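Good morning, colleagues. Please take a moment with the sequence and the structure on the screen, and then I shall describe the sheet.

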Amino acid sequence: MDANKRQRYEKISIELTKLVGGKENIQGVAHCATRLRIVLKDNDQADLKAIEDVDLAKGVFVAGDQVQIIFGAGLVNDVYEVFAEHNNMKNMSLSDLKTVANKKMNPLQRIIKVLSDVFVDIMPGILAAALLTGLSGVLGNLEFVKANDTLFGINRLINISSGAIFGFLPLAVAYSACKRFGGRPILGIVIGCGFLMTMILGRFMDKTPEAVNGPKQVETAAQDVIMEETAEEMPEAPEKEAFFGYALGE
């Protein structure tokens, strides 16, 4: 970074620090690909309208309890470096910034934030499964799809794909949750596999006669089947008239 750029960024940093309420109002700072993110003790002290007029700033908004100033890719890295150095807050990661922001939330907001963080990564898969399920349902009701083996097979494949996504949803949730709370992703996969194994065994056991009817009812049903088969193999009894005629020698 040359001296002219650094001088310009220092001027931006001083102005931004003043507009967000001073150094004492700043709790943390980090950046993503295009935005400088600042966590403040009191967001009401920030003059968002004035921040929009800061040199090189392309916009500003508040999201996730963070003041986010848009500078653009590449430029935000240099602005962040000077701004963080000016406020003695260098080497703060985006994850650290989110942790600081979460401390300002009440318990209900924290619960909602945790749930959103867990599902935000797997939401595309859930939406894709829902769309595939709807598409399969529509195609399954069309007569020309039922009559054509190729189209019927494609629709069946779509249905299987959507079912597979929902079927492996516990695995995805466990993976995302473990990642959200700082655990090893592989541990989340193992936990998810445990949930899947339980579900598979539960469904298998539910389909066995013992699980559905109980041992006594299964035994009774088996006896009924044997008696019906035995009755079918026995010859039919002669009619009463034929029997009496035979007995009288007619």
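Two strands count as paired if DSSP finds at least two bridges between them. Helices (H or I, at least four residues) and strands (E, at least two) are DSSP runs, numbered from the N terminus. The model is predicted: local features need pLDDT of at least 70, side-chain atom pairs count only at pLDDT 80 or more, and totals for chains, interfaces and linings use all residues. Residues are numbered from 1 along each chain as its sequence is written, and side-chain values use heavy atoms, with hydrogens and water left out.

The sheet is open and has four strands in the order E1-E2-E4-E3, with antiparallel pairing. Strand E1 (26-31) and strand E3 (59-63) are at the edges with a single partner strand each, so one side of each has no neighbour in the sheet.

Let us turn to E4. Strand E4 (residues 66-70) pairs with E3 in the antiparallel sense over five bridges. Within E4, Ile69 is the bridge partner of Val60, and Ile70 stands opposite Gly59. E3 and E4 form a hairpin with two residues between them, and Gly64 in the turn has a positive phi of about 60°. E4 is also joined to E2 by four bridges, and these two strands run antiparallel. Leu36 stands opposite Ile69 in E4.

Is E4 mostly covered or mostly uncovered? It is mostly covered, as four of its five residues are buried, where buried means under 20% relative accessible area, exposed over 50% and partly exposed in between, with a 1.4 Å probe and protein chains only.
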